[in-house]
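Student: Could we look at a structure together and work through it by asking questions? I would like to learn how each answer is reached.

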Amino acid sequence: MSESRPDSTPDSTPISTSAGGGVAARCMGRFSSSFLARFAANPAGKLALLLLALTLLTAFAGPFLAPQDPYDPAALDILDARLPPGSAAAAGGTYLLGSDEQGRDLLSAMVYGLRLSLVVAGAGTGLACLLGAALGLTAGYFGGRWERLVLALADLQLSFPALLIALALLALSGPGLFKVALALAASQWAYFARSARAAALVESGKDYMAAARLQGLSHARLLWRHLLPNCLPPLLVILPLQLAAAISLEATLSFLGLGAPATEPSLGRLIANGFAYLLSGQYWISLYPGLLLTLAVTAITLAADRLAAVLDPRRQED
Amino acid sequence: MARRLLLSFLLPLLLLASPSLRAAGLSVGLAADVSSLDPHYLNAAPNIAVASHFFETLVAVDKDGQLVPGLAQSWQAVNPTTWEFKLRPGVKFHDGSPLTAEDVVFSLERPASLTQSPGPFTGFTRAISGKKVVDAHTLRLTTAQPYGPLPLDLASIFIVSKKAAAKAGTEDFNSGKALVGTGPFRLLKFRRGEAVELARFDGYWGEKPAWDTLTLRILPADAARLAALLAGQVDMIEGVPGADVARLKKDARLSANFRLEQRVSWRTLFLQLDLFRDASPFVTDLAGKPLAKNPLKDLKVRQALSRSINREALAARTLDGLGVPASRLVAPGIPGHGQQPAAEPYDPEGAKRLLAEAGYPQGFALTLHGPNNRYLNDEQILQTLAQFFGRIGVKTKVETLPLAAYFGRLRHADFSAALLGWGSLSGDFALRTLLGTPDEKSGWGAWNWGRFSDARVDADIRSALASTDPARRSRAAETAMDQAMQQLPVIPLHHQVATWALRAGLTYPARIDEFTFAAQVRPR
C-alpha cells in the first residue's frame with residue numbers, strides 16, 4: 001500500500017498501482033510487440049536473445065536434421081566406437097564431432113540430448129512453479145495455520161541442497177525420466193512458493209483486493225482472477241533462473257547414472273560416458289556435450305537476467 | 001674435508017636407493033570397500049580379499065586356481081564319505097598360540113552361528129555331516145553322500161583362533177580384539193571406508209612378505225585409484241579400467257614407470273533368460289503388446305540371440321580388450337571348461353533365419369536388465385547387446401540398476417533377460433548353482449533364476465560332484481557343461497580379463513580369482 005504513491009507515473013510502477021487483471025493484460029500486450037524490443041534493447045539483451053534462439057533451435061529443430069537416431073541401438077555400430085571428430089562412419093557419412101563409446105554419432109546424440117535435458121528440466125520446473133505458486137498464493141492469502149505449514153515445508157526443502165533431495169528421491173523411486181522431472185519439482189518448488197507468498201501478502205493488502213472482497217467474490221475467483229495475475233511477475237523472473245538450475249541438476253543426476261537411461265543419453269549422461277576416456281586423450285566425448293550444456297545454461301541465465309530487468313520497474317534503464 | 005662432505009651427501013642417498021635398508025612399506029589401492037573384517041560374516045569378494053591377509057584356509061588356491069596345501073599339509077578321502085586332513089605342524093596364531101584341530105572345528109562351525117549374515121558361508125560347510133578330532137593335528141570330516149569337491153569348499157572357510165573368537169561377535173573382529181589369524185599380516189588399524197593398516201606377522205610359517213607394513217586403501221572410483229598410483233600415493237592398484245590400460249601401455253613415460261599384470265580371470269559374464277514363464281514380463285511384440293508365448297523358451301530364438309552377438313567386437317571395443325569371448329560358464333583352464341569347446345559363431349544372417357523359423361520373422365521387443373556398478377563396463381555391455389539384438393529385429397531396451405537393487409530383484413526372478421557374472425574354480429560347482437534344477441533344501445540352482453531344468457544335466461553334475469578323483473570329476477563336469485550349453489539356457493558372453501598396475505620395481509603373480517594378495521607382491 002505504501003508503494004502506491006500518488007506522484008509516481010503509472011508507467012514506472014505498473015504492477016503495484018493497477019487493479020484487477022490490468023497488469024496481466026498489459027503484460028500480454030507487451031509480449032506481442034514492444035516486449036521483445038525492450039528485451040533486446042541493450043547488447044546483453046541481444047546476446048541473450050541470440051543464444052536463447054540458438055539453443056532452442058538446436059534442441060527442437062536439430063533432431064529432425066541429425067544424421068543418426070542415437071536412441072535406436074540398432075542404428076549404432078560398436079565397431080565405430082570412440083572415433084575422433086571428422087572420422088568416416090562404416091555405414092557412410094562422417095562423425096563431425098566424433099563418436100562415443102557405443103559408436104553413437106556425438107553430434108546427433110548432443111542434439112537429442114539437449115532436447116531431452118530441456119524437456120525434462122522444463123517439465124520439472126513447470127511442475128515446481130505450478131505447485132509452488134498454488135501453495136504460496138494460498139498461504140499468503142489465507143494465512144494462519146496453512147501458511148505456517150507451507151512455510152515450514154518450504155524451509156525444510158530449502159535447508160537441504162537440491163541435489164541431495166533429488167538424489168534421495170531417485171534412490172527411493174528408481175531411475176526414469178518422469179521420476180527425474182518429479183525430483184526436480186520436489187527440489188525446487190519452495191523457491192516459487194516463497195516468492196508467490198511474498199507477492200500474495202503484498203497484493204492481498206491492496207485496495208483493489210479489498211474492493212474485490214467487498215463485492216463478495218468467492219475465494220477461488222479472488223485467487224485466480226485478481227491475486228494470481230498480479231503475483232505473476234516475480235514468478236516469471238525466477239522461472240527461467242530455476243530452469244537453468246534444473247538443467248544443471250538434471251545433468252548432474254544423469255552424470256551420476258540416475259537420470260536418463262543409458263540408451264537415451266541426455267547431456268549429463270554423455271559427459272559421464274566420456275569421463276572415463278578423458279585422461280586417455282579421447283576428449284571429445286565429454287568436451288562437446290559439456291560445451292553445449294554450458295551454452296544452454298548460459299543462454300537461459302542471461303535471458304532470465306534480462307527478463308528480470310525488463311519486468312522490474314525499478315531496473316528500467318530507458 | 002671435501003671428500004667427507006661428499007660422502008655425507010652420498011651415504012643417505014645410497015641408503016635410500018637400496019631397497020633392503022629402507023623401512024619397507026607397501027600401499028595398495030583396492031577397488032571395493034570391505035564391509036567387515038570378520039572373515040565369516042559376508043561371502044563377498046572384497047571381504048575375502050582383505051581377510052586373506054589375516055587368515056588362511058585349510059586348502060589354499062594358487063594363482064591358477066589349483067588347490068594346494070594351506071593350513072592342511074595334506075588331505076585324502078579315506079573312503080567315499082570320509083576325508084582326513086593333516087594340519088601343518090608349527091603354525092602359530094598372531095597371539096603366539098599354536099594352531100590345533102580344535103580351532104579348525106570351531107572355524108567350520110562358526111559360519112552357521114552367524115545368523116545375521118547377509119551372505120553366509122554356510123554353503124561351504126553344508127556338505128559336512130561329522131567332524132572328528134583324531135589328534136591335535138589330524139581331523140576327519142564325514143559327508144552324508146560321496147562328495148568330491150569338499151577340499152574346494154574348505155578353500156573358502158577361514159580358520160580363526162578358537163580362543164580369541166569363541167565369545168566374540170563380528171564387531172570384535174573390526175576392533176581387532178578377535179582378529180587373530182595365522183596369516184602373513186596382523187592388524188594395526190581399521191579405518192572403515194578408508195583403509196586397513198597391517199603389519200607383518202614375524203611368526204608366519206610360510207614365505208615371509210617383503211613388507212614391514214601394508215596399507216590397503218579403499219579407492220572405489222576408477223579415476224581416483226589410477227591417479228593415486230600415478231601420483232605415487234599407492235604402489236599398486238587392482239581393477240585398472242580398460243581405457244587406462246591402453247594408455248599405460250602406449251604412453252612411453254608411463255610404461256617406463258609402471259607395469260601391468262594381466263590374465264583371463266575366472267569371472268564369466270552371461271545373460272540369464274526367463275525359461276519358466278509362459279508370458280515373460282519384459283518380452284512383448286514390437287508394438288509393446290504381450291506375446292502369446294514366451295519366445296525365450298524356444299531354443300531357436302536363444303540361438304538367434306547368441307549368434308547375433310559379435311563377441312570379438314564386444315571384447316575389443318566395449319571392454320577395451322579386457323575380455324575374451326566365452327562359450328562356457330567357467331574360464332579356460334578351470335575343470336569343466338574343456339580344451340577347445342566349439343565357439344559360438346557370429347552369424348547375424350543365420351540369426352535372422354532362425355528367428356523367422358521360430359515364428360518371429362518381424363522380431364519382438366525385449367528389455368535387458370543389469371547392474372551398473374558391478375562388472376567391468378556392465379552398462380556398456382548391455383547397450384552393445386541392444387545393438388546386436390536390434391540388428392536382427394529384436395528391439396531391445398536397456399535398464400540398469402545399482403547392485404543392491406539389482407540382486408534384490410534378480411532373486412525374485414523379476415527379469416526376462418539379465419546380465420550376471422560368475423567366478424568358479426570348478427565346472428560342476430558353477431553348474432550346480434547356475435543351472436541345476438532349483439531346490440531350496442539342497443542349495444541347488446541358488447542362482448538359476450531362469451529355472452532351467454534338465455534331468456540329464458542334473459545327473460551329470462551329480463556324478464561329477466560325487467567323484468573324489470579330480471580327473472574324473474573334471475571329465476564329468478565337462479560332459480555336463482556340454483550338455484547344458486547345447487541348450488543355451490543362458491547366453492555366454494565373455495570371460496573378464498583382470499588387470500593390476502604396479503610401480504615398475506614390483507611384481508605380482510596375477511591371480512585367476514582376481515584377488516589382490518599383497519603378501520605375494522615382491523620387489524623385482
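**Strands, helices and cores**

Tutor: Let us start with a pair of strands: β17(B) and β18(B) run parallel and are joined by seven bridges. Helices (H or I, at least four residues) and strands (E, at least two) are DSSP runs, numbered from the N terminus, and two strands pair if DSSP finds at least two bridges between them. This is a predicted model, in which local features need pLDDT of at least 70, side-chain atom pairs count only at pLDDT 80 or more, and totals for chains, interfaces and linings use all residues. Residues are numbered from 1 along each chain as its sequence is written, while chains are lettered from A and ligands numbered from 1 in the order in which they are written.

Student: Which residue of β18(B) stands opposite His369(B)?

Tutor: The strand to look at is β18(B), which runs parallel to β17(B). Opposite His369(B) there, you find Glu399(B).

Student: In which sense do β15(B) and β17(B) pair, parallel or antiparallel?

Tutor: Strand β15 of chain B covers residues 283-284. One facing pair is Val283(B) with Leu366(B) of β17(B). Over two bridges, the sense of the pairing is antiparallel.

Student: How many residues of β17(B) are buried?

Tutor: A residue is buried if 20 or more other C-beta atoms lie within 10 Å of its own, exposed if 12 or fewer, and partly exposed in between, with C-beta atoms placed from the backbone. Strand β17 of chain B spans residues 365-371 and is mostly covered. Of its seven residues, the number buried is six.

Student: Why does Ile381(B) count as buried?

Tutor: Ile381(B) sits in helix α13 (residues 378-391) of chain B. Two residues are in contact if their C-beta atoms, placed from the backbone, lie within 7 Å, and leaving out residues up to four places away in sequence, Ile381(B) touches Leu269(B), Leu314(B), Thr318(B), Leu419(B) and Leu493(B). Ile381(B) counts as buried because the number of other C-beta atoms within 10 Å is 24.

Student: What distance separates the C-alpha atoms of Ile381(B) and Leu269(B)?

Tutor: Along the chain, these two residues are 112 residues apart. Between their C-alpha atoms, the separation is 9.9 Å.

Student: Which element of chain B gives the most to the side that touches chain A?

Tutor: In this contact, 24 residues of chain B meet 16 residues of chain A. Elements giving two or more residues to the chain B side include α7 (222-230), α8 (242-250) and α11 (311-318). With eight residues, the element that gives the most is α13(B).

Student: Which residues touch the most other members of the largest nonpolar core?

Tutor: A nonpolar core is a set of buried Ala, Val, Leu, Ile, Met, Phe, Trp, Tyr and Cys residues joined through C-beta atoms within 7 Å. The largest one has 146 residues, and its largest share, eight residues, comes from strand β20 (residues 490-503) of chain B. Leu431(B), for example, touches residues including Leu329(B), Ile461(B) and Met481(B). The members that touch the most others are Leu271(B), Leu431(B) and Ala480(B).

Student: Is Ala413(B) buried or partly exposed?

Tutor: Ala413(B) lies in the loop between α14 (403-411) and β19 (417-423) of chain B. Its phi is near 50°, a positive value in a residue other than glycine. Most residues other than glycine have a negative phi. With 18 other C-beta atoms within 10 Å, Ala413(B) is partly exposed.

Student: How many C-beta neighbours inside 10 Å does Arg82(A) have?

Tutor: Arg82(A) is in the loop between α4 (43-65) and β1 (87-88) of chain A, and its phi is also positive, near 55°. Arg82(A) counts as buried because its number of C-beta neighbours inside 10 Å is 22.

Student: Over which residues of chain B does pLDDT stay under 50?

Tutor: pLDDT is the predictor's confidence in each residue, from 0 to 100. Chain B averages 92, and 96% of the residues score at least 70. Where pLDDT is low, the predicted coordinates should not be read in detail. In chain B, the stretch where pLDDT stays under 50 is residues 9-22.
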